[in-house]
Amino acid sequence: MQVWEADRDAYIRRYEKAQKPLSSFEADISRYLQCIDEIRGEDGATNMRFLRIDCGPLKLTLVGHCEAWVSKFTGLLGQLAATELRTLHTYFRCAGRWWWCVCVCMCVCVCVGGFANNSAN
C-alpha cells in the first residue's frame, strides 16, 4: 500500500472492525515513523546535467501523508483505550453499587435476624 493512495478513513474503519491487537498498532505506527525518517534522510535537491531538481515540496508532502497515518492510528488507539476505560469505569461503578446493596441487605438481614433472636430469648 502506498502512503498516498489509500483512503485513510476507510482503512482505519476496517482496522477498528478487525480488532487488531496492540502489537499491530505498534508495528504500523513504527513503519510510518521509519518511513518519515527515510524520507527526511533523502537529499532534497539533485542536479541532473543542466537541471536542478528540488524535491523539498515532495518530501514535505510525503512526510505529511506519513504523519497523517500515524495520527489516524494513534487517534484510533486513543479512542479504543477511552472506550475500554469507560466500560471498566461503568463496570466498577455498577459493581460497587451491587456490593453496597448486598452489604446493606446483609447488614439489615443480620441485624433484623439478631434482633429477632434477641427478642425471642
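The model is predicted, so local features need pLDDT of at least 70 and side-chain atom pairs count only at pLDDT 80 or more, whereas totals for chains, interfaces and linings use all residues. Residues are numbered from 1 along each chain as its sequence is written, and side-chain values use heavy atoms, with hydrogens and water left out.

The protein chain contains three helices and two strands, in the order α-α-β-β-α from the N terminus. Helices (H or I, at least four residues) and strands (E, at least two) are DSSP runs, numbered from the N terminus. Of the 121 residues in the chain, 17% are buried; here buried means under 20% relative accessible area, exposed over 50%, and partly exposed in between, with a 1.4 Å probe and protein chains only. The chain exposes about 9,400 Å², and carbon and sulfur atoms supply 61% of that area. Accessible areas come from the Shrake-Rupley method with a 1.4 Å probe, and for residues only the protein chains shown count as cover. Among contacts with a separation of 6 or more, 69% are between residues 24 or more positions apart, a contact being heavy atoms within 4.5 Å.

Three salt bridges are present in the structure, each defined as a side-chain nitrogen of Lys or Arg within 4 Å of a carboxyl oxygen of Asp or Glu. Lysine 72 pairs with aspartate 9, with 2.4 Å between the closest N and O atoms. This pair links distant parts of the chain, since lysine 72 belongs to helix H3 (residues 56–120) and aspartate 9 to helix H1 (residues 8–17), 63 residues apart. Lysine 72 is partly exposed at 30% relative accessible area, and aspartate 9 is partly exposed at 38%.

A further salt bridge joins arginine 40 to glutamate 67, where the closest N and O atoms are 3.1 Å apart. Because arginine 40 lies in helix H2 and glutamate 67 in helix H3, the pair ties together parts that are 27 residues apart in sequence. Glutamate 67 is partly exposed, at 39% relative accessibility. Within helix H2, arginine 31 and aspartate 28 are three residues apart, and so are separated by about one helical turn; their closest N and O atoms lie 3.0 Å apart in a salt bridge. Arginine 31 is partly exposed at 37%, while aspartate 28 is buried at 13%.

Asp37, Glu38, Glu42 and Asp43 form a negative patch. Aspartate 37 sits in helix H2 (residues 22–41) and is exposed at 55% relative accessibility. A nonpolar patch consists of Met48, Phe50, Leu51 and Ile53, together with about 440 Å² of accessible area. Leucine 51 is part of strand E2 (residues 51–54) and is partly exposed at 46%.

Finally, the backbone. Most residues other than glycine have a negative phi. Glutamine 19 has a positive phi near 50°; it lies in the loop between H1 and H2 and is exposed at 68%. Arginine 49, also not a glycine, has a positive phi of about 55°.

Notes:
Patches are made of residues with over 30% relative accessible area and no salt bridge: like charges are joined within 9 Å, nonpolar side chains (Val, Leu, Ile, Met, Phe, Trp, Tyr) within 5 Å. Lys and Arg count as positive and Asp and Glu as negative; His and the chain ends are not counted. The place of a charge is taken as NZ of Lys, CZ of Arg, CG of Asp or CD of Glu.
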